[in-house]
Amino acid sequence: MILVWLILIPFLGGLLCWQAERWGDQAPRWIALGTMLFVLVISVVVWLTDDVSLPVAGGGQWMLEWRAPWIPRFGIEIHLAMDGLSLILVALTGFLGALAVLCSWHEIAHRVGFFHLNLLFILGGVVGVFLALDLFLFFLFWEMMLVPMYFLIALWGHSGSAGQTRIRAATRFFIYTQASGLLMLVSIVALVFVHLSNTGELSFSYDTLRGTDIPDALAPWLMLGFFVAFAVKLPVVPFHGWLPDAHAQAPTAGSVDLAGILLKTAAYGILRFALPLFPEESQAFAPVAMTLGLVGVIYGAVLACGQQDIKRLIAYTSISHMGFVLIALYSGSELAIQGAIVLMVAHALSSAGLFILSGQLYERIHTRDMRMMGGLWGRIPVLPGFTVCFVAASLGMPATANFVGEFMILFGTFPGAPVVVVIASAGLVLAAIYSLLLMQRVHFGSEYRPGPLAGPDVREYGMLLVLLVLTLVVGLYPQPLLDTTAAVAAPVSQLFTDSADLAARAGEVN
Amino acid sequence: MMALAVILSFLFPLAGTLILAFSAGRLGAGASSFIGVGSVGLAALATAWLVMTHSGDSEVVTLWTWIRVGDFQPTIGLAVDSLALVMMSVITGVGFLIHLFAAWYMTGEVGITRFYAWMNLFVFSMMLLVLGDNLLLLFLGWEGVGLCSYGLIGYYYQNSANGQAAFKAFVVTRIGDVFLALGLFLIFMELGTLDIATVLDQAPQAWAQGSTTANLAALLVLGGALGKSAQVPLHTWLPDAMAGPTPVSALIHAATMVTAGVYLIVRLNGLFLLAPGVLLLVGVIGAVSLLLAAFAALAQTDIKRVLAYSTMSQIGYMFLALGVGAFDAAIFHLVTHAFFKALLFLSAGAVIISCHHEQDMRHLGGLWRKLPVAYGGFLVGGAALVALPLVSAGFFSKDEILWQAMAADQTGLLLVGLLGAVLTGLYTVRLILGTFHGEPGSDHARHPEPGRNLLTHHLPLVVLAMLSTFIGAWLYPGLGEMFPTAPGETTDSGHTLLQVLAIGAAIAGLLLAVWLFLWQRDWLAERTRQGMGARIWTLWHHAWGFDALFDRLLARPWQLLVKYLRVDLVNLAMNLPALTARMLNAGLVRSQNGRVRSYALVMVFGVTVILLTLALLPGEVP
């Protein structure tokens, strides 16, 4: 039942926020904050009480499971389950959800109730994605995240630089993700029908559909249907067009959620569905996927260097970091997959930190254009120091979580695909360039305008401090996190049974 | 007890950083300086305690396992052996004196808290670098010192040129770091461990002498060392790094961080011995850097830039020593160089502050009476730099390097080393004459304000001056037994000849300098003003044009790439479906114009096409 409540709480909280607006603007904020903290507390309690490190013998791979019939005619169930990976990601959702509420405390001033309804509905949908095992249910939650996000960007976004309006960005986001979701739906239905014709049983269940014997001609296409849906969300170049616009135009809370959690649903989807449902096809596809990841690493970094809008810069760095994740997921190495999970958490923390910082800068100087910044080090207390820390995290400085993730990925991938790692390592230099460019343009140099600006208040300081401490803790002692997800990563890496064969193929592609 | 001393030795600077960073401007300048200097002082005391109690064998203190996935199990583990102790003593000892001097140097600057927070963090990272018992922890320190160097070079952030210098330093060294990282990936793949002792133990069994893998691993590690230690071709960042406050240049860009590459190669000496070709390459790169930098130092006018090129040149000597397998000699020179170069930089700092931030030799001069302490520092430090026989620390270490090169039969390297000694004499005399003698070049130099503080000005300079004499050379314990036998240990033939040669080179450099810069000054000025001489001067002044070359080859193409990709071409391509749809829409909308005439026309046209198709198609019509 805990799983059901984890999903229901954000939705109920959202409805409550919407209605609570009549008691004043503060009520929805407090309710939303409490709701997300509640989700966080539940997941932490589950983490502390249940033994996550080992899959229970005979009891399958799930720590918690809940199922109930929904549409028995089509074999559709409400099937929820949690293992170490979903637990970490749900906890992250709760944590970043609370931060998203906190960072829009002053930023959102109109239709406060409806804003928090949308915010919580997104997060509820995300939790659903992380917990759903029935493919139909998964698709439902997958689509459910999009609509409130659309409203979040369209109603509370900024009209930004380069003639982009927030409506355009929202529409673009919606079309990209909706169209790719459609491909996934087609793949799901096709998979179900293949299974039906094989066994005569109609089922959308993950466990049943795993190991379905798919005709050779069809299988790669079904795998691609899943892959494209996740590739758009990750995002993988060339499907990344929606991301910079959506980030730049979204309110801070939207950016934090988008970078911190929504992108992670894609990596989760690949780990949970694309790889286990189509192991052989995925293995054959791995060289292409790794090449795409590599393109993302380099392309995202090069573009990040050319941006003038601070949020667009951070958005492109996300593309670069997610490229590392994609490489790791298809490397077939346990070390790399564990690294990908650490990097997902690390990127959620560091990009949330940078987006929150840029939001706080916007509240003070009312621009995101870096040409109108400069010399802020002398004008704002404390914030530049935090910027250094998060910039260091983003460039993969050791002792931060990002370093652990990136280096585990590179260490793990190197034996199988050395050429990929050599090129990806160039991304480390590029990461230094874009990260320090941000520092350079915003905080160094002569002052664009004179006069001191207000330092952070307790709320702003607290958010950044918690993020920073977590980044350092994961960077210096990631073991609890690694133990939690070990039971997930090991089986996935074993899917690629013949890794030597994979290495040979990866070599050929390069 | 030992474990406690080790932990304290790097925990004090970390605590200093945290206190300063979280004080958020609540601390005054005095309190900040006190915490910043005090934490390093305590670290120095902890190190001294460790030196006194340590047995001399390698001991490991493992704090916790950093990451554990399968075979990948790097720890947060600290290995203390004689090499680490020597490095720790230099870092905390010289570091403490420099911190103390900085309290005088930074008086009246804004942001002292930030300065000391970065400096303490630097000491912490540098300690981890030398203490790490595995390569990943070493890499943590390695990157950490780079970040601190970035923060301190850009300390005067308001001038964007300083920001550029900091940026350049970080990115160039990061390129080297990526090579080092690749080296780590290769080592882990081949040996399944990152623990330094185990790596050195297993490498000879896994790799044959001179095998491709061993060569590749050594080359990649060398790439990292070149970046940090500012050797050709990754050296261009060091002269620009002088934009930071002078104590920073003394600590980071002379005494400690830039020698990290030497430490790394010494630490992994077993790996390099498996790759003799690469080891020789280390020596050749050192020799090239030594000469290039010495010539460049001759043509600088900024005293800090002279010292920067001199540092690069002296590290070239250390690399030369590594190249002939004389690891002990390299560390010896590292230690004495830390003493005398720190002294030279701090004395330069004393001059700069006394003359109101004037550091161009053309605007200085005639200071020797007015700034006696700084002058003394320059004389003693300069004597050590040119390796003045018997009395200076530099003589003993440089003589050792040249002797090892001779014993290893590397005549080419030996000759370069001797030529370098002559050049060192030239640029050192030019530096001292230009700064302290002759006519003052500006009002700042005519009315200097000498530093008077006994504790924060005189004491560091005097102590470092003493260490730069033969006393410093005596203090070095000698690490010979840690390393494989150096070439000079097995033979002694020709040692006397070499000492005569080395002394001759140093004296020749001094005499030539005196002749050139005192008696032939007008002739020299005339030569460098026009014609061939002017061109050579320009070439040396710009350090052989590496900056311009890299600018053409890398920086500009990169900027063009960024500029043209800024609009996100791939994304534009992805907009094609939308554009097509819009064009189709525009076309079809035009056909719906509501006029019966055109509809009839289109209909007739369509019917004709269909009928013609049917008539012309072969086969039966149904």
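Modeller: Residues are numbered from 1 along each chain as its sequence is written, and chains are lettered from A and ligands numbered from 1 in the order in which they are written. This is a predicted model, in which local features need pLDDT of at least 70, side-chain atom pairs count only at pLDDT 80 or more, and totals for chains, interfaces and linings use all residues.

Biologist: What confidence does the predictor give the complex, and what does chain B average?

Modeller: The complex has an ipTM of 0.92 and a pTM of 0.92. Chain B averages a pLDDT of 91, and 99% of its residues score at least 70; pLDDT is the predictor's confidence in each residue, from 0 to 100.

Biologist: How do you know whether chain A agrees with a compact globule?

Modeller: The radius of gyration is taken over C-alpha atoms, and the globule rule is 2.2 Å times the number of residues to the power 0.38. For 510 residues the rule gives a value near 24 Å; chain A has 22 Å, so the two agree. Along its principal axes the C-alpha trace of chain A spans about 75 × 55 × 45 Å, while the trace of chain B spans about 115 × 65 × 60 Å.

Biologist: How many helices and strands are there in chain A and in chain B?

Modeller: Chain A has 20 helices and 2 strands; chain B has 29 helices and 2 strands. These are DSSP runs numbered from the N terminus, with helices being H or I of at least four residues and strands E of at least two.

Biologist: Why is R369(B) called exposed, and what makes A3(B) partly exposed?

Modeller: A residue is buried if 20 or more other C-beta atoms, placed from the backbone, lie within 10 Å of its own, exposed if 12 or fewer, and partly exposed in between. R369(B) has 8 other C-beta atoms within 10 Å, so it is exposed. A3(B) has 15 within 10 Å, and is therefore partly exposed. R369(B) is found in the loop between α15 and α16 (372–385) of chain B, whereas A3(B) is in helix α1 (residues 2–22) of chain B.

Biologist: How many residues of α14(A) and α15(A) are buried?

Modeller: In α14(A), 28 of 32 residues are buried; in α15(A), 11 of 12 are. The buried residues of α15(A) include L383(A), F386(A), V388(A) and F390(A). Among the elements covering them are α14, α16 and α17 of chain A, together with α5 (135–153) of chain B. Buried residues make up 62% of the 510 residues in chain A and 54% of the 622 residues in chain B.

Biologist: What makes a set of residues a nonpolar core, and how many residues does the largest have?

Modeller: A nonpolar core is a set of buried Ala, Val, Leu, Ile, Met, Phe, Trp, Tyr and Cys residues joined through C-beta atoms within 7 Å. The largest has 429 residues, and L99(A), A340(A), V345(A), A330(B) and A342(B) have the most contacts inside it. Helix α15 of chain B, residues 327–354, gives the largest share of this core, 20 residues.

Biologist: What is V345(A) in contact with, leaving aside its neighbours within four places in sequence?

Modeller: Its partners are I88(A), L92(A), A401(A), V474(A) and L481(A). Two residues are in contact if their C-beta atoms, placed from the backbone, lie within 7 Å.

Biologist: How many residues of chain A are in contact with chain B?

Modeller: On that criterion, 45 residues of chain A are in contact with 41 residues of chain B. On the chain A side, α17(A) gives the largest share, 9 residues. That side divides into 31 nonpolar, 13 polar and 1 charged. Ala, Val, Leu, Ile, Met, Phe, Trp, Tyr, Cys and Pro count as nonpolar, Asp, Glu, Lys and Arg as charged, and the others, Gly among them, as polar.
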